[in-house]
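I opened my notebook to look up a few places in this protein. Here is what I wrote down, one entry at a time.

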Amino acid sequence: MVGSEWNKWDLHIHTPASIVQYYGKNDDETWEKFITDLENLPIEFKSIGINDYLFLDGYKKVLEYKKSGRLKKIELILPVVEFRIEKFAGVDFGNLKRINLHIIFSNQLTIEQIQSQFLNGLEQSYTLEKGGSEWNRAITKESIAELGKKIKETVPLKELYKYGSDIEEGFNNLNVKEDKIFELLNRDIFKDKYLIAIGKTEWDKLKWSDNSIATKKSIINKANIIFTASESPEKWATAKRKLKEQEVKDLLLDCSDAHYFSSSNNKDRIGNSFTWIKANTTFEGLSEILFEPDERIFVGEIPELLERVKANKTKFIKNIFITKIDGYTEEKGIWFKDLQIMLNYGMVSIIGNKGNGKSALTDIIGLCGNSHHYEDFSFLNRERFLKDGLAKNFKATLEWADGDTVTRYLSDSTDFNAPERVRYLPQSFFEKLTNNLESYEFEKTLEDIVFSYLPDEEKLGRNSFSELIQYKKESIKKDIELIEKEINNINIQLIELENKAHPTFKEKLEKELKIKKKELEEHQKIKPQEVKNPDLDESTKDHNEEITKKLDEKNKNKDELEKIISDKKEKLIILNQEIEELTNIKEDFNRFEDEIKRFLSKKKENLKKYSIDIEQLFQYQFNLIQLENKIDKKKKEHSKITKQLLTKQKILSNYPTKEHKILEKDSYIIQLEKLDKEIRTLKNELSSPYKKYQDFKEKLKTWEKEKSTIEGNETELKTIKWYNAQIKYIEERLNNEISNLRKKRLDKTVEILSKKLELVNIYNKLKGSVDSEIKSYKGILKDYEINIDVDLKLKSNFSDKFLYFINQNKMGSFYQKDQGKQRIKLIVENKNFQKNDTLEEVLKELIENLEYDKRQGYHNERRYINEQVNSEINLDFYNFIFSIDYLEPSYELKLGDKYITELSPGEKGAMLIVFYLMLDKDNIPLIIDQPEENLDNESIYKILVHFIKQTKKRRQVILVTHNPNLAIVGDSEQLIYVSIDKKNKNKVDFESGAIENPNINEFASKILEGTIKAFDIRRLKYFNV
């Protein structure tokens, strides 16, 4: 059996045997037409009540037709006996109108039992009050007709036309005593086998007055059910609303009150009933409406569940069929043999003793539904049914409501490239999820939920959250990339400065300075010995003075020429740098123009659909002529100087002959060579003393020049003054420059943080719809405050990535693997990175831990970053730390102020189940294996049952459970009791049915601890959700 299903119930149908009816004569022809009319009712009519005034003749006749093979579509026929009484529930109506009282009997009672134990007991229990005489007879059609005749005899002839037939008039004036009715119904044989209904139409006509208010309310509140025969569902809704406003019982069923064939225009015709009841087609099923009328009664065209199934047949499972394959000899057990289980489209609870196949059933449904949690299956896994190839001997076929079927061998696995057709949450999935949310990409699940609640217009045509967020953060991403480039440049400078700050760098400078000073000291020792201006011989004086004068002039020219050459070489260096810089600028402009062209090309298509001409929207012009002219001018100047510094050999080798003469003329190098030759010639003309004197002057000049080279200046590399300046810089200014650059770098990192906080705001805006959904459940959740928060979350691999850069064999705060992990955890754990101060503190602490040994016993001993981070990856390390790419907006599930990661396993389990039930908008079947594990009953009472009830209003729900509150109070439409007969080769079997099914009741009571209490709660409505 499929359990409680929606069907139409009409409990108020009169037959041709009724005292009052308008079908025609009570003969075979009329009855045939009547039965045919019932047979032609729409397929949804499964249960009817055959209603007769005082008698069971019509019910008996209908049963005879049923036994003969007629009325095959009608599954339940109930006997209903109708009385008109003047007194009910101890209330004497007096002059008020009489009430129609209906007794709905269980079909388990035979006609003989009702007749002998009830109707026969009513004989002579009526009184005729007409003209002051009293009338006592047995209740038969003849005696009632006789009563009517007597009444009509007292009526003036001119008034007689107002009266009906003798039997009608007798019935209308027949008063059955209420106390006698209930005295008889109190017999053991009728216990739990009848329901009382009263007619709303007659009750409505009772006047509301000070004297009758209590009377009127008492009448309706003592009944089980109220009957009405509405013209439309809207009229029924109006009547029910009125009952609520009057604060009286409102369990109102719309019935046809059929007295006419369906072809009639009268509202009281066969088939004119709008009442649907979700129950087994049994009297016990009908009785369930007393406890859950809102869940089990629908009055209208079609219940919402059936409407959903009709519109989404590919998303409801009709049945599962499991069997062995051909050729399997059952040597490894019978297990599954032609096992077909029909499934209710509402909520299905699978129960059974531990190890008796409950999870086997859900695993198999999960497999056929292509669940992506295949690795979490508890039955279809390598340690159980897949072991030793057992599963390959069995197959399962899942049939959907549209008739489509999926067949899988139980040894098959899930196709992860195909979509899930069921959402299956195995027990081990929750266990693993509560222990390691990140391994199951729970953040992505939250993103999917947020995206599913976004209005379509806010999705901007994107198909997923990741697509949407990538689109929204594009401009922010570009801004961050620009800041990252600035940080990269700062890091390059810092690495150079920090290398200088290392003691070995200064020590190296000091050693090189010492060597340089020693070099100067040794140079002092080789200073040329002074040669004085000789006492000139008068005979050669004039000649030597003249030559000396010429030499002085030539040396002066040489000095000037050497200065020119030196200046030209310096100029060449400057020109090279300028040309390189200007060329780079030009290339930057060219790249920028290419980027603009690509941008315009991309946006052109976007704007085209809006009839916007991008050329009208944006125009640009690059004029690089001035830049190009400047580059050409610099290049020409560079070429000119280069030629001025050519040697004769280069001129002869690299230039055409026709240019040699002019190039040689313009070459300062050739001019210098020529001047040196002239000086040598003149020196040879001097006398020996003068020649020695000239040699001394040249050597002194060379010595002084070398001395100047050794001493140098603050800008000349590796000179004494340069070394002194570098050491002074290290001692006085270096640390300050490092501090300033670090501050600048931190400021840039905070700029990136501000951009990431813009992303956080985007995430917050996107979750607005899901926040509203959660807020709508506040009355249910109460103190159980579930919410989705946005946090700037540290990526889980941060510690590993950080330590990847660190040489943990080097002494320092992060020395050795385990200690290093613990240290980094202490620094970054439980930090709110959305605050500027917090981020700055963490980054500073990271650097401080690299520069000072924070381990116990090391007393902040000074360490150096470049000793712990390889120079080849130092830049990558700094860029990693300060670009904060490891901080990304992330959705987090919270319970109050506690993140899900801070909850106990039980708290996590409860929260995750509620989350899936409350927010998962998907409408594919939801299958949960034992959701109550690690949960207390209070959690289930307050939250789970409500959300399970809410969830089954939009999707098929299948639960494996041991908890009666889920199965019973949660109002499962179907209970499936699964068992494995281990003495009979592990044969799997099942029993299925509705909660109201007595057999299922018995199974549930044995299996579900606290079931009886759950039934009581359900019936007494203590559980109010």
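Before looking at strands, I noted that two strands pair if DSSP finds at least two bridges between them. Helices (H or I, at least four residues) and strands (E, at least two) are DSSP runs, numbered from the N terminus. This is a predicted model, where local features need pLDDT of at least 70 and side-chain atom pairs count only at pLDDT 80 or more, while totals for chains, interfaces and linings use all residues. Residues are numbered from 1 along each chain as its sequence is written, and side-chain values use heavy atoms, with hydrogens and water left out.

**Entry: strand E10**

I started with the neighbours of E10. Strand E11 (residues 297–299) is joined to E10 by three bridges, and the two run antiparallel. I found Val 299 of E11 as the bridge partner of Thr 275. Strand E1 (residues 5–14) also runs antiparallel to E10, with four bridges between them. There, Trp 6 stands opposite Lys 278.

Next I asked myself: are the residues of strand E10 buried or exposed? Buried means under 20% relative accessible area, exposed over 50%, partly exposed in between (1.4 Å probe, protein chains only). Five of the five residues of E10 (residues 275–279) are buried, so this strand is largely enclosed by the rest of the structure. Thr 275, Ile 277 and Ala 279 point one way, while Trp 276 and Lys 278 point the other way. I remembered the rule behind this: in a regular strand the side chains alternate between the two faces of the sheet.

**Entry: helix H4**

I checked the length of helix H4 (residues 141–153). Its 13 residues should span 18 Å at 1.5 Å a residue, and its end C-alpha atoms are 18 Å apart, which agrees. The expected span is 1.5 Å times one less than the number of residues. I listed the buried residues of H4 as Ser 143, Ile 144, Leu 147, Gly 148, Ile 151 and Lys 152. Helix H5 (166–172) is included in what covers them.

**Entry: Gln 644**

I found Gln 644 in helix H21 (residues 625–644). Gln 644 is buried, with a relative accessible area of 10%. Which residues is Gln 644 in contact with, leaving aside its neighbours within four places in sequence? Contact means heavy atoms within 4.5 Å, and I wrote down Lys 568, Asp 666, Ser 667, Tyr 668 and Ile 669.

**Entry: an open sheet**

I traced six strands in an open sheet, in the order E17-E23-E24-E14-E25-E26, with mixed pairing. Strand E17 (423–425) and strand E26 (987–993) are the edge strands, each pairing on one side only. Inside the order, strand E23 (residues 926–929) and strand E24 (residues 957–960) run parallel, joined by four bridges. Ile 927 has Ile 958 in E24 as its bridge partner.

**Entry: the cores**

A nonpolar core is a set of buried Ala, Val, Leu, Ile, Met, Phe, Trp, Tyr and Cys residues joined through side-chain atoms within 4.5 Å. The largest has 90 residues, and Phe 802 and Leu 893 have the most contacts inside it. Helix H34 (residues 905–919) gives the most to this core, with ten residues. Domain 3 (324–450 + 905–1024) and domain 5 (796–885) both give residues to this core, so it lies between them. Domain bounds come from an automatic or database domain assignment. Apart from this core I noted another, of 85 residues, among them Val 20, Phe 105, Ile 219 and Leu 253.
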